[in-house]
Amino acid sequence: MSLQIIVGAQWGDEGKGRIVDWFASQAQIVARYNGGDNAGHTVTVGEKVFKLHLIPSGIIHPHTVAVMGNGMVINPRSLLDEMQALESAGVEISPRRLRISYCAHLITPAHCALDAALEAARGKDNIGTTGRGIGPAYTDKAARTNLRVADLLAPDLPERVRQNIETANRSLLSLGAPALDVVQIAAAFTDYARQLAPFIADTALELHTALQSGQHLLAEGAQGSLLDIDHGTYPFVTSSSTLAPGTLVGLGLGLTAAHGAVITGVCKAFQTRVGSGPFPTEVFEQTAERLRGTGENPWDEFGTTTGRPRRVGWLDGVLLRYAVRLNGITELVLTKLDVLSGLKTVSICEAYRREDKTLTELVFGPSHLDAYQPVFTSLPGWNADLGAIRRWRDLPEAACAYIRAVERVAGAPVSMVSVGPEREQMIVVEA
Ligand code: IMP
C-alpha cells in the first residue's frame, strides 16, 4: 500500500501544483480530497502553462487516473470548462482517466451569489473569499440540504435543483440580493448531468481496490494548513479540512491506508496570504514589492483564481512548526528559493514575543496572532541567480545555510528546493 500526501504548509499558493506534477510521474492515481475551484494550481511544462482549479494537477501526466474525492465541492459549470480547456491543451479527458465521487457535493450559482452577498454583509470584516461559493456549499452540506454529485443521476434532478434553488432564493432575498432563475438553473443542471454522468463513480471503493493491488496514490491537498477550518486562522479560513489527515475522510480511506504514508509539506521560501486575517511577518512597500514581483510573470504573487495581489512577508517558522505538527509532515519541499536571490539579508521568524514572554510553540492555535510580535533572525543573503543551478553542491553557501535554518525552525527535513517554475528547476537537498 502506498500513499503520498502533498499539503500546503502555509496559507495556500505554496506551489503545490508543480510539486504534485513532479511526484505524479511515479503515481498511478492522483486525487483531490478537499475544496473546490477556489484552488488555483499552476503547472508549467515547456511552453505550456496549465492552470487547474478543480481537477487534480497530476492529470497532466498521461499515465495517471485523476480522482475528485467526496470531500470536494464541485461547480459543474467550472468543471466542464476545465475539462474542455485541458482537452484543448492536448490532455486526454475520458471516464477512464477522470473519476468523480458520487458523494462529492455540488456548487450551484446560488452558492456563488450567497458567497458574494454574505461577504458584502460582512462589510469591512469580510473574509476576502474567492467568491466561488465554497462556504455556502459546505454550509448546505453540514445542514444536510445540499445537492450531491449522485443527484445528477436521479430521474427527478430538475425537481431537486428547483427545490434547492428556491430555498437559496429565500436566503438571497433576505440578504437584499436578487433571486435566481430556477427554471434556467434546473435546465443547466440537466445538461451538466448528461455530460458528467459517465465520470461518476464510487471512488472510495476504487481507491481501496487500487491501494490493495499495490498502486501508488498521490493525494493533492488544496489551499494550505493555515486555512484549515478547524486548525487555521479561524474565521479567516476556508470551509474544508485542508490538513493531511483530511485525505482519509475526503477520499473515503480507512486509517490503515495512512500507514507509512509520506507527508510532503510544500512551503514557500517566504510567506504569502490572500484575503483577510492575521499575518505576523507581513512586510510592506519596497520589500513587499520585491517579494511579490510585478505580475508580469505567471509565477509572481498574484492569485491564480482571483488575480488579487498577495500579501507577502518573511517565512514564519512558528507557523511552519505548527503545520509540521498538525499534518505529520515527513519532508518539506521549499519553493521559490530563487526569489530571495539578490537580497542583502533574509529573515526568518523563529519565535513570537507577547508582553515579556517568548513563545516558540503556538498555544491555543493561530487565531489570535495579532497579539504577537515576531522575533526575527537575520541571515546573510546571496547574489547568484539560482535558476540554472541543479545540484546541491552548486548552491551558494548562504542559500544552503538558509535551507538548514528552515529545517531547524520547522523541525522537519527539506528534501528538495525549487528554483524556478520549470519542471526541471528542482534541487535535491543532500544530508
Ligand atoms: P474561500 O475558500 O473562497 O471561502 O475563501 C476563504 C479564504 O481562503 C480567503 O482568505 C481566500 O483568499 C483563501 N483561499 C481559498 N482558496 C485559496 C487558495 O487556493 N489559495 C490561497 N488562498 C485561498
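Trainee: Which helix gives the most to the lining of the second largest pocket?

Mentor: Helix H8 does, with 3 residues. Helices here are DSSP runs of H or I with at least four residues, numbered from the N terminus. A pocket is an open set of points on a 1 Å grid over the protein atoms alone, with protein on both sides within 12 Å along at least five of seven lines, and lining residues have an atom within 4 Å of a point. Please note that this is a predicted model, in which local features need pLDDT of at least 70, side-chain atom pairs count only at pLDDT 80 or more, and totals for chains, interfaces and linings use all residues. Residues are numbered from 1 along each chain as its sequence is written, and side-chain values use heavy atoms, with hydrogens and water left out.

Trainee: How much space lies in that second largest pocket?

Mentor: About 190 Å³, a volume being the space filled by probe spheres set on the grid points, which are joined across faces, edges and corners. The pocket has 14 lining residues, and the closest to its centre are Gly-71, Lys-141, Ser-241, Val-249 and Gly-250. Both H4 (134-142) and H8 (246-251) supply at least two residues of the lining.

Trainee: How does the lining of the second largest pocket divide by class?

Mentor: There are 4 nonpolar, 8 polar and 2 charged residues. Ala, Val, Leu, Ile, Met, Phe, Trp, Tyr, Cys and Pro count as nonpolar, Asp, Glu, Lys and Arg as charged, and the others, Gly among them, as polar.

Trainee: Changing topic, which residues are closest to the ligand?

Mentor: Asp-13, Asn-38, Thr-130, Thr-238 and Arg-308 are the closest of the 16 residues that surround the ligand, where a residue counts if one of its heavy atoms lies within 4 Å.

Trainee: And what lies 2.6 Å from an oxygen atom of the ligand?

Mentor: An N or O atom in the side chain of Thr-238. A polar side-chain atom of Arg-308 is 3.1 Å from a ligand oxygen; a polar contact here is a pair of N or O atoms within 3.5 Å. The protein buries 97% of the 470 Å² that the ligand exposes when taken alone, with areas from the Shrake-Rupley method and a 1.4 Å probe.

Trainee: Where does the ligand lie relative to the domains?

Mentor: The ligand lies between domain 1 (2-90 + 204-428) and domain 2 (105-199), because both give residues to the shell around it. The domain bounds come from an automatic or database domain assignment.

Methods. 1 Å grid on protein atoms, 1.4 Å probe; cavity = no way out; pocket = protein on both sides within 12 Å on 5 of 7 lines; lining within 4 Å. Polar contact = N/O pair within 3.5 Å; in protein donor to acceptor, adjacent residues only side chain to side chain.
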